[in-house]
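Student: I have a model open and would like to go through it with you, piece by piece. Could we begin once it is on the screen?

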Amino acid sequence: MNRSRIDSYQNHPYWWDSGPDDQPINLDRLATPANEIPLQADCVVVGAGYTGLSAALTLARAGRSVIVLDESQPGYGCSGRNGGLIGPSFHKLGLDGLKARLGETKANAIMRESMDILLWLKQFISHEGIECGLIEAGRFRGAVTHKFYGELARQAETLEKVVDLAYEMIPESEQRGHIGSDFYKGGIVYHQDGHLHPGLFLKGLANLALEAGAKIFAPARVKQIESIDNGYRVKLEEASIRCGEVMIATNGYTDPNFPYLRRRVIPLRSAIISTEPLSPDLMRELSPRQHGFGDTGRLVTYYRPSSDGTRMVFGGRAFNQADRPENYTRDLHRLMTRIFPQLRETGISHAWSGTVAYTFDHAPHIGRVPEGAMAGAHYAMGYCGSGVGRATWFGRKAALKILKDPEGSTPLDHLTFETRPLYSGNPWFLPAILRWHNLLDRFGY
Ligand SMILES: Cc1cc2nc3c(=O)[nH]c(=O)nc-3n(C[C@H](O)[C@H](O)[C@H](O)COP(=O)(O)OP(=O)(O)OC[C@H]3O[C@@H](n4cnc5c(N)ncnc54)[C@H](O)[C@@H]3O)c2cc1C
């Protein structure tokens, strides 16, 4: 392994550099400087990721004046950093786990909505003409042991009945037709899944919101929100905006200024590396059908060809909560070359990370803050690491709730947004859990 080629990466998302003709996509240019912020609006949205921009688009198209604020730049959070894999993102507990907790009707409705989100997202992208390299080539999920192969088959059979999941089991002997690796004991292809260019999707969504009349300001950090007569006062460093409704879309970047929400989301660092450009032959060998990839390991890994098909983009959990590219780049390179030994001598062009938002019940949450100075503020967050479709969908749903449109209802309404005693937003317990999962994976449990 040539260490210098692994260590000489750029420490920002590959997506930011890979617009059309390989030009930077300049997400910062989507926003106006904060000194031009109006003092009043119908709605203020905090956070310019998929959730916030999707909410802004829906509100602006309904004729509301909308201000979107981001403390850094549009797409600074997960929405400009993710892997771009899209799928139904079923609840982690699976159908049986959900049934045990919420009953059969609710469980089925939640699973069905997950599939609806995926189908809606693909339709939305095509209907709005968003050019974001959407490739509907399916996803291969590898079984790390024979036991997991059987489990994948059983789960898929049930989901086929409940939500029309389209899948195909791939035995180990046929695996090479789907992935250039002998690492797995066979796997499954989810035919409805795909992948897109996260930065271009963000840009497309932001442009639609701007065209509909929403205004995006950044950098503009919201320090406080307080409810006042007929609405809210949203306080920034040097300005304060009066508005009728406020929507919090800060997900894994929710800060202590929003204590009710901060105590309910668990920020978890996820990291990605992208390889140097690879030869067309090697890319065809690694991903003969342009699938995205994942596996049954407890420690999440996700990977895919880049949207232009020239390199591999490989992501997984970072063991450290701080942004330590010198650590996660090597960890991810090791994981990647266990699956693809062909990439042992390949250099890394970019390495970056972001914080996703987990929740104590593994479900996204949408609703209104019930208590404190910002009581009544709307929110949607907690996508548990799978948020390209969910954030866009639940941002829209939250906006529809603001508009009092019955279409804003979702099977996730009224779920208790749990916290834990003494938890204030710092998940000190996570590194130990991740190392334990890593150990279980290594021994095939
Ligand atoms: C490395 C990585 C890989 C991922 N891969 C995938 C994938 O392949 N597929 C998938 O479906 N999902 C993936 N995800 C998850 C997905 O990207 C997120 O769930 C989704 O983008 C969340 O969008 P959001 O708009 O809710 O939040 P974000 O995009 O995180 O936006 C939150 C915004 O809030 C702003 N903010 C925070 N506090 C304030 C404040 N006080 N004032 C103003 N602004 C504030 C932040 O600057 C940030 O821009 C991944 C995430 C990461 C980090």
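Student: Which residues does A31 touch, not counting residues up to four places away in sequence?

Tutor: A31 touches P74, I216, F217 and A218 once those sequence neighbours are set aside, where contact means heavy atoms within 4.5 Å. Before going on, keep in mind that this is a predicted model, in which local features need pLDDT of at least 70 and side-chain atom pairs count only at pLDDT 80 or more, while totals for chains, interfaces and linings use all residues. Residues are numbered from 1 along each chain as its sequence is written, and side-chain values use heavy atoms, with hydrogens and water left out.

Student: And where is A31 found, and is it buried or exposed?

Tutor: A31 is in the loop between helix 2 (14–17) and strand 1 (40–46); helices (H or I, at least four residues) and strands (E, at least two) are DSSP runs, numbered from the N terminus. A31 counts as buried, because its relative accessibility is 16% and buried means under 20% relative accessible area, with exposed over 50% and partly exposed in between (1.4 Å probe, protein chains only).

Student: What separates the C-alpha atoms of A31 and Y50?

Tutor: They are separated by 15 Å, with the two residues 19 apart along the chain. Y50 also takes us to the ligand, as a polar backbone atom of Y50 is 3.0 Å from an oxygen atom of the ligand.

Student: Which other polar atoms lie by a ligand oxygen?

Tutor: A polar side-chain atom of T51 lies 2.6 Å from an oxygen atom of the ligand, and for a polar backbone atom of C78 the distance to a ligand oxygen is 2.9 Å. A polar contact here is a pair of N or O atoms within 3.5 Å; within protein, one must be able to donate a hydrogen and the other to accept it, and residues adjacent in sequence count only if both atoms are side-chain atoms.

Student: How much of the ligand does the protein cover?

Tutor: The protein covers 98% of the 1000 Å² of accessible area that the ligand has on its own, with areas from the Shrake-Rupley method and a 1.4 Å probe; for residues, only the protein chains shown count as cover.

Student: Which elements give two or more residues to that shell?

Tutor: Those are helix 3 (50–61), strand 12 (266–275), strand 16 (348–358) and helix 11 (388–402). There are 36 residues around the ligand, and T51, D70, C78, S79 and L85 come nearest; a residue is near if one of its heavy atoms lies within 4 Å.

Student: Changing topic, what about the largest nonpolar core, which members touch the most others?

Tutor: Of its 76 residues, L59, V66, F124, F201, M247 and F394 touch the most other members. Such a core is a set of buried Ala, Val, Leu, Ile, Met, Phe, Trp, Tyr and Cys residues joined through side-chain atoms within 4.5 Å. Helix 5 (residues 104–128) gives the most to this core, with ten residues. Apart from this core lies another, of 28 residues, among them I37, A41, L236 and V265.

Student: What does G138 contact beyond its sequence neighbours?

Tutor: Apart from neighbours within four places, G138 is in contact with Y190, H191, D193, G194, H291 and G292. G138 and G292 are 154 residues apart in sequence, yet 6.6 Å apart in space, C-alpha to C-alpha. G138 counts as buried, at 1% relative accessibility.

Student: Last topic, the backbone: which peptide bond is cis?

Tutor: The bond from A218 to P219 is cis, with omega near -5 degrees, and P219 lies in the loop between strand 8 (215–217) and strand 9 (224–228). Most peptide bonds are trans, and most residues other than glycine have a negative phi.

Student: What is phi for N230 and K404?

Tutor: Phi of N230 is near 60 degrees, a positive value in a residue other than glycine, and K404, not a glycine either, has a positive phi of about 60 degrees. N230 counts as exposed at 77% relative accessibility, and K404 is exposed with a relative accessible area of 67%.
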